[in-house]
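Let's take a walk through this structure together, with the sequence and the model side by side.

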Amino acid sequence: MANKNHRAPLSDTQLRVKALESVLLEKGLVDQATMDAIIDNYENKVGPHNGARLVARAWTDPEFKAQLLKDGSGTIAKLGLAGIEGTHIEVKENTADVHNMVVCTLCSCYPWTILGLPPTWYKSTPYRARAVRDPRGILKEFGVEMSEDVEVRVWDSNAELRYLVLPMRPEGSENLTEDELAALVTRDSMIGTSVVDAIN
Amino acid sequence: MNSIHDLGGMDNFGPINVEPNEPVFHEDWERKILALTLGLLPAGYCNIDEMRRTTEHIDPAIYLQARYYQKWLLTLESILLEKDILTQEEIETGKSIRTEGGDNRPAVPVEMMQYAMANPIPANAELDPDLKAKFQVGEEILAKNINPYHHTRIPRYIRGKRGVIVQDHGVFLLADTNAHGGPEKPQHVYSVRFTAQELWGDEANPNDSVCIDLHDDYMDPLVSN
């Protein structure tokens, strides 16, 4: 199996991962239970539903919203939503004057504990290249025509801070419960490439 | 390092392809490379800046072709060799061959991992709370025009541009040295706002802006003449 071709950069990905898994487990350098817990956490536990709950609560509880905007890290830590790629969290509120959008141009930094692992498009070359330069074009691709008068403010999360967008509460949602509101909040609206649509 | 990872502002990569109802993982090996990386490295082999530095060293042509988790695989293989955790032969065969030497630490126990996934991680942050800030909120700055060959977190599109400090986030380690074995340089990190016109010229929307997090070392005070 070991030959020069085997080391070609992108060949035999599946076999190479299997080889690493075998030898690291055999040597006791990783623990199977730890690996299982990691996969379970990112596949089944964390995800955009965490962020949606924060947003819905912020829409209905002004005191919570003020806390979240002032001290995102402290507020989410109290809720058990801190952790790897979720320790230093800043929440940015969309208003009638400012629309926020988040990118990581240098890699793919993302608030894992609140939104889960990032979707492929967020990690893709075109998004990372274009978000800082053509955010309005990206919004259009996601179906949002942003008024010229609104400031589109892009957050490049190149250091250890991770950003969550607090979308605007949609029109027509006045009578909804917190749970019903959470169900409206999309992942993309919390990245800022989209908005939460008005309810007809 | 001015390599292909520094993508901000580049053109010609085409539209953004959104996959509706995308699964968290597409193939089983993606689960495994994530779990191997996160399950191994917290034993203390390397820090996040060393990992990013390693990813950035992937050949540019390969970097652009690789899927996200293939970059994780290339990064982990490199770290395993660099830190002498495994030998080349062990990586290739998937079998334990070396019985002595190398840097082999006890595996991260599941309880520690569970904790790390749900609680604040100090990582390389919140050091020296008394360290004085070099800049104040509202102050105008000039992002330095630096082009280091080492790892850095000041992207090209910001260098030489004028911005305004909007928030002080406290003290974090400078990635530039932390990615290369030190010395540790704790510094304040700030959100800095640049107008879209400052970055992209007069054709950009006059209302738009980019905010980016910059360390003390990445900026000079803006001295007006």
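V154(A) has V210(B), in strand 4 of chain B, as its bridge partner. Before going further, note that this is a predicted model in which local features need pLDDT of at least 70 and side-chain atom pairs count only at pLDDT 80 or more, while totals for chains, interfaces and linings use all residues. Residues are numbered from 1 along each chain as its sequence is written, chains are lettered from A and ligands numbered from 1 in the order in which they are written, and side-chain values use heavy atoms, with hydrogens and water left out.

**Strand 4 of chain B and its partners**

Strands here are DSSP runs of E with at least two residues, helices are runs of H or I with at least four residues, and both are numbered from the N terminus. Two strands count as paired if DSSP finds at least two bridges between them. On chain B itself, strand 4 also pairs with strand 3 (residues 186–195), this time in the antiparallel sense and over 7 bridges. Strand 3 of chain B is in turn joined by 7 bridges to strand 2 (residues 162–173), and these two run antiparallel.

Here are some of the residues that stand opposite each other:

| Residue | Opposite residue | Strand of the opposite residue |
|---|---|---|
| R153(A) | S209(B) | strand 4 of chain B |
| R193(B) | C211(B) | strand 4 of chain B |
| Y190(B) | L214(B) | strand 4 of chain B |
| V171(B) | H188(B) | strand 3 of chain B |

How many of the residues of strand 4 of chain B are buried? The count is 7 of the 7 residues (209–215), so this strand is largely enclosed by the rest of the structure. Buried means under 20% relative accessible area, exposed means over 50%, and partly exposed lies in between, using a 1.4 Å probe and protein chains only. In a regular strand the side chains alternate between the two faces of the sheet. In strand 4 of chain B, S209(B), C211(B), D213(B) and H215(B) point one way, whereas V210(B), I212(B) and L214(B) point the other way, and all are buried. For strand 3 of chain B, 7 of the 10 residues are buried, so that strand is also largely enclosed by the rest of the structure.

N205(B) sits in the loop between helix 8 (196–200) and strand 4 of chain B. With a relative accessible area of 10%, N205(B) is buried. Its side chain reaches the backbone nitrogen of N207(B) at 2.6 Å. Not counting residues up to four places away in sequence, N205(B) touches R136(A), E148(A), A196(B) and Q197(B), where contact means heavy atoms within 4.5 Å.

R136(A) turns up again in a salt bridge with D208(B), whose closest N and O atoms are 2.7 Å apart. A salt bridge is a side-chain nitrogen of Lys or Arg within 4 Å of a carboxyl oxygen of Asp or Glu.

**The interface as a whole**

Across the interface of chain A and chain B, the rule finds 8 salt bridges. On the side of chain A that touches chain B, the largest share, 11 residues, comes from helix 1 (residues 13–26) of chain A. In total, 82 residues of chain A are in contact with 94 residues of chain B. The two chains bury about 7,800 Å² between them, 61% of it on carbon and sulfur atoms; this is the accessible area (1.4 Å probe) that two parts lose on being put together, summed over both.

**Chain B overall**

Chain B has 8 helices and 5 strands. From the N terminus on, its elements run α-α-α-α-α-α-β-β-α-β-α-β-β. Its C-alpha trace spans about 65 × 45 × 35 Å along the principal axes. Buried residues make up 48% of the 225 residues in chain B.

**A glance at chain A**

G72(A) is found in helix 5 (residues 72–78) of chain A. At 4% relative accessibility, G72(A) counts as buried. The C-alpha atoms of G72(A) and E90(A) are separated by 5.1 Å, although the two are 18 residues apart along the chain.

Methods. Polar contact = N/O pair within 3.5 Å; in protein donor to acceptor, adjacent residues only side chain to side chain.
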